[in-house]
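The sequence and the model are shown first, and a description follows.

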Amino acid sequence: MSSLWKEFSKGLWKDLPPFKLVLGLCPVLAVTKTAYNGFGMGMAVIFVLALSNLLVSLLRKVIPAKVRIACFIVVAASLVVCVELLMQAYAYPLYQQLGIFVPLIVVNCIILGRAEAFASKNPVLLSVADGLGMGIGFTISLTFLGSIRELLGTGQWFGMQVLSDWFEPVRFMVEAPGAFVCLGVLLAAMNAFTNWQRRTKGLEAVQGPVHDCKTCGMCATKPGA
Amino acid sequence: MDYFVLVIAAIFVNNIVLAQYLGNCPFIGTSKESGVAIGMGLAVVFVAAMAAVITWCVQKFLLAPNDLGYLQTIAFILVIAALVQFVELFLKKVIPPLYKSLGIFLPLITTNCAVLGIAIICQREEFTLLETLIFSVASGLGFMLALVVLASIRERLDLARVPISMKGTPLGLIMAGLMSLAFFAFKGMAS
């Protein structure tokens, strides 16, 4: 039970996907124009991630090592198609808002990264806990970033007017440049917090998590190798 | 003339990274050295163009006639994954020098959302085959332009004294934001 909780909770802070692992940046930047879009995208990712971890873990002894990446892609793609159809049926306005980024969940490094790094090596329950934790961490991050951008860019939060007339909306924040700058500043704040914690323990400050494709389980391994 | 507008729009106005938010992982991940950035950029131009043309044919001749449009995502990603493997094998056998410079980037490209993104955009915009080819090459070049410029900036930033918490990815993202702001000036010049 304790190990289940450990795998679940690591996605919420220790390995928080977009900030600590620096994975899956495209949806993080693209759909956080409003908090609602970020939340909706997060929900879709939770669905795909938990189920793909479940299926990959169930099939981990059946899938031959040589073609495992291709198999993971098929699993993820099938689930993404399910999400697409479900969203078209029940959340069509959101589906239109997220646009091209719904099918692109399939190439989100988090999905394949978790399949490769965790689900293909661990039992079913642990993998589902890992998928749920990572998915929820991803949703929280997206909603948080979306809230900041929506609040500063339009003065609203989840579509409700929060800041009144005295506030002049900064349109920069809801456009592409604002997304990059906002994420960069948040990452820096996160690193500064980690370094402050390290200093209070008497440790030396370190550079934040480096983003290269090695952090992504998928890219570190050649497909088919 | 329309094709010229298409090219300018894809490279500058709707730059694939800086305005459409596609391919950000490799954009931040491989922009530490300009040599690497050029290699990655060329690989993306090459694969994106081939992938867009092949997926266009798959959609036109395989999925659309059989009313299988909902399989688009699965079909496209499988075609791209197979294509990347094939290109890798082909380059290894036939053009070893090119394989040496591009080979290490090819596996990264399967999960580059710019490649799948370009293929899907071409479908949603209902481009013809020629438009698809031109658009995908131009988008790839736009990606390469952004990547190479960011890499050159980050190479110089390595010499600057910045707070340790800002080093690396955060500063890279903020630089990308400033570049995006510069590209923002093109907005509205072509749709």
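**Fold of chain A**

Along the sequence, the elements of chain A come in the order α-α-α-α-α-α-α-α-β-β-α-α. Chain A therefore holds ten helices and two strands, where helices (H or I, at least four residues) and strands (E, at least two) are DSSP runs numbered from the N terminus. The model is predicted: local features need pLDDT of at least 70, side-chain atom pairs count only at pLDDT 80 or more, and totals for chains, interfaces and linings use all residues. Residues are numbered from 1 along each chain as its sequence is written, while chains are lettered from A and ligands numbered from 1 in the order in which they are written.

**Dimensions and packing**

The C-alpha trace of chain A spans about 60 × 55 × 35 Å along its principal axes. Chain A is as compact as a globular protein of its length, because its radius of gyration, 18 Å, is close to the 17 Å that the globule rule gives for 225 residues. The radius is taken over C-alpha atoms, and the rule is 2.2 Å times the number of residues to the power 0.38.

Of the 225 residues in chain A, 48% are buried, meaning that 20 or more other C-beta atoms, placed from the backbone, lie within 10 Å of the residue's own.

**Contact with chain B**

Chain A contributes 45 residues to the contact and chain B 38 residues; two residues are in contact if their C-beta atoms, placed from the backbone, lie within 7 Å. On the side of chain A that touches chain B, α9(A) gives the most, with twelve residues.

Technical notes
A residue is buried if 20 or more other C-beta atoms lie within 10 Å of its own, exposed if 12 or fewer, and partly exposed in between; C-beta atoms are placed from the backbone.
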